[in-house]
Amino acid sequence: MTNSRGETRDRVKILAVADEVSASLYDRFDPARWADVDLVLSCGDVPPSYLDFLCSMLDVPVLYVRGNHDDRYSAPEYDGCEDIHGRNVEHKGLRVAGFEGSMWYNGRGFQYAERAMRGIVRRSRLKSIRHGAPSIVISHAPPAGCHDGHDVCHRGFGAFRTAIEAWKPSLWLHGHMHAYERGERDTTIGQTRVVHVFPYSVLEVPVRAAQPLPSVSTQSGTPDRLTTAQRRVRSH
Ligand SMILES: [Zn+2]
């Protein structure tokens, strides 16, 4: 693949974000540190202004899904950022699918009953028959039984397990579990590596990732102490 800097590479460097604005990626943003990022993926519950900032500072595409609290996103596409909920898009050899929201618990924001999410996943799987299975999936909520919680709000979707079995994506990235940040964050299910992104992770994947990724390297951010400016832009 040839990136926006004209370099040809067989791996894509992904910056994934979720749930909290990291000072390293905002107040203390160092362009040199992130210069080789090819793609930003957001697993939700971050302010649109944060994605706008990353998009313009890194000059790379941003693909996102909304979290349960993200009712401030007014348009599905803006300033280089693209909502991929229920969709299956290709970015320079990488096929990426996305699912927004959390398990239904009080009806506010973006919440889905298991049955509703099952329908969304089923439709996405039908589309993938024509377009090809995604090698990366981003969701806000986790798959059932993987990094999820016991309360309804943080319960994972069984529909995502079905998608993992059907698509066998190399990578499944999710957020939403920051309340459980000390729990397991990197788990393998079959051929799929499931990563809990909080507040960010850096991952490198082969451009055509159809096989398991034992060589994928990861760097995870630790939550930063928030400044007043960050509290203004963080989602909750
Ligand atoms: Zn959430």
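Because the model is predicted, local features were taken only at pLDDT of at least 70 and side-chain atom pairs only at pLDDT 80 or more, while totals for chains, interfaces and linings use all residues. Residue numbers start from 1 along each chain as its sequence is written.

The chain holds four helices and 15 strands, assigned as DSSP runs numbered from the N terminus (helices: H or I, at least four residues; strands: E, at least two). Of its 236 residues, 43% are buried; a residue is termed buried if 20 or more other C-beta atoms lie within 10 Å of its own, exposed if 12 or fewer, and partly exposed in between, with C-beta atoms placed from the backbone. Contacts are defined by C-beta atoms, placed from the backbone, that lie within 7 Å. Among the contacts between residues at least 6 apart in sequence, 65% join residues at least 24 apart.

The largest nonpolar core comprises 53 residues, of which Ala16, Val17, Val40, Leu173 and Val197 touch the most other members. Strand E1 (residues 11-17) supplies the largest share of this core, five residues. Such a core is a set of buried Ala, Val, Leu, Ile, Met, Phe, Trp, Tyr and Cys residues joined through C-beta atoms within 7 Å. When residues up to four places away in sequence are not counted, Val197 touches Ala16, Val17, Ala18, Cys43, Leu173, His174 and Gly175.

In helix H3 (residues 158-167), the buried residues are Ala159, Phe160, Ala163 and Trp167. These lie on the same side of H3, because they cover an arc of only 100 degrees around the axis, the arc being that of the directions from the helix axis to the C-beta atoms. They pack against helix H2 (114-131) and strand E10 (136-139). The axes of H2 and H3 come within 8 Å and cross at roughly 20 degrees; axes are lines fitted to C-alpha atoms, for helices over the stretch in contact, and angles run from 0 to 180 degrees between N-to-C directions. H2 and H3 are therefore roughly parallel to each other (angles under 35 degrees; over 145 is roughly antiparallel, 65 to 115 roughly perpendicular and the rest oblique). Residues in this contact include Met117 and Val121 of H2 and Ala159 and Ala163 of H3. Just after H3, Lys168 adopts a positive phi of about 50 degrees.

Ala32 is located in the loop between E1 and strand E2 (39-42). Ala32 is exposed, with 6 other C-beta atoms within 10 Å.

How values were computed. Two residues are in contact if their C-beta atoms, placed from the backbone, lie within 7 Å.
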